[in-house]
Amino acid sequence: MVVPSLDYYWPQVVSGARAAAAALGVQLQLRGSSYDRAEDRRQISRLIEAKQVQGLLLAPNLDGEGVDEMIGWIGNLPVPTTLVERQVSHWTPTPRQLEWVRSDHALGLEMAVRHLYEYGHRRIGLVLSKGSPTSAHLAQGWSKACAELDLPDDFVVRKGVALYEPDHRKIIEDILERYRRSRITALIVHSDPDAISVAQYLTEHGVAIPDDIALVGYDDEVAHLAQPAITAVRPPKVRVGRVAVETMVARLMEGKRRPAQRVLILPELILRESSVKRAASL
């Protein structure tokens, strides 16, 4: 199993994978990579060359130029591969059709929009983490939900605003100015560190959460630590890891006669003070 990070988000996925491996009596070798395609290839190649693995669970970088080449390379590896929290968006002629298991992030974003809509919000904004593989799915869910609910979809910011991001305060200042001009009443922010950064800045500038603006985060890693605690969409990270291992073991046991599977698993919406108190006053 090769994952791009061993701290944020991925530890729970790995935990689910390890639990499933233990239950099924298989050994899981974990390798940490990065969001760099060359590093992904190095780690994968080392595992293959060692001839100690029968299958691969991968979360490679599939953004930007060179994606088709990377997908073709993975599809031609000598062992079966299952993508984890990644997917192939088009059919690629490879010896094996790539399987994948991931969270349904588009539906998760729809859940956040519909939650806010149900509590009376008709002008909602979206802040997407820059460079995240999840952002494209979230944008898809945003467009679908806004279209179905007849909501304006023009308040979208595609910049990271976590505390460690350069110029994050200036970016949030611009968001605050747009919020005031647009008269939005709710924000959805990906991911938790970005949502907490926004919450802190708004509070510093006298914007009450949720009385002035409701806030929903996406990822639910540390959203509960904010003040107020942030309502968040929680991707099924542990379940994704478990199903990825189960999918691979089924492939190894059944061989070519088993049809390829591509699995979406639904997130949860965890309600907290950053959005529900406002509901009581509407």
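How are H6 and H7 oriented relative to each other?

Modeller: This is a predicted model, in which local features need pLDDT of at least 70 and side-chain atom pairs count only at pLDDT 80 or more, while totals for chains, interfaces and linings use all residues. Residues are numbered from 1 along each chain as its sequence is written, and side-chain values use heavy atoms, with hydrogens and water left out.

Helix H6 (residues 168-182) packs against helix H7 (residues 192-204) at an angle of about 65°, and their axes are 10 Å apart. Helices are DSSP runs of H or I with at least four residues, and strands are runs of E with at least two, numbered from the N terminus. Axes are lines fitted to C-alpha atoms, for helices over the stretch in contact, and angles run from 0 to 180 degrees between N-to-C directions. H6 and H7 are therefore roughly perpendicular to each other, a term covering 65 to 115 degrees.

On the H6 side, His168, Arg169, Ile172, Glu173 and Leu176 meet Ser197, Val198, Tyr201, Leu202 and Glu204 of H7, contact meaning heavy atoms within 4.5 Å. By class, this contact of H6 with H7 has 5 nonpolar, 2 polar and 3 charged residues; Ala, Val, Leu, Ile, Met, Phe, Trp, Tyr, Cys and Pro count as nonpolar, Asp, Glu, Lys and Arg as charged, and the others, Gly among them, as polar.

Turning to the strands, S8 (residues 186-190) runs parallel to S9 (residues 214-218), joined by 5 bridges. Valine 189 has glycine 217 in S9 as its bridge partner. Both strands belong to an open sheet of 6 strands with mixed pairing, in the order S7-S6-S8-S9-S10-S12, where two strands pair if DSSP finds at least two bridges between them.

How values were computed:
Parallel < 35°, antiparallel > 145°, perpendicular 65-115°, else oblique.
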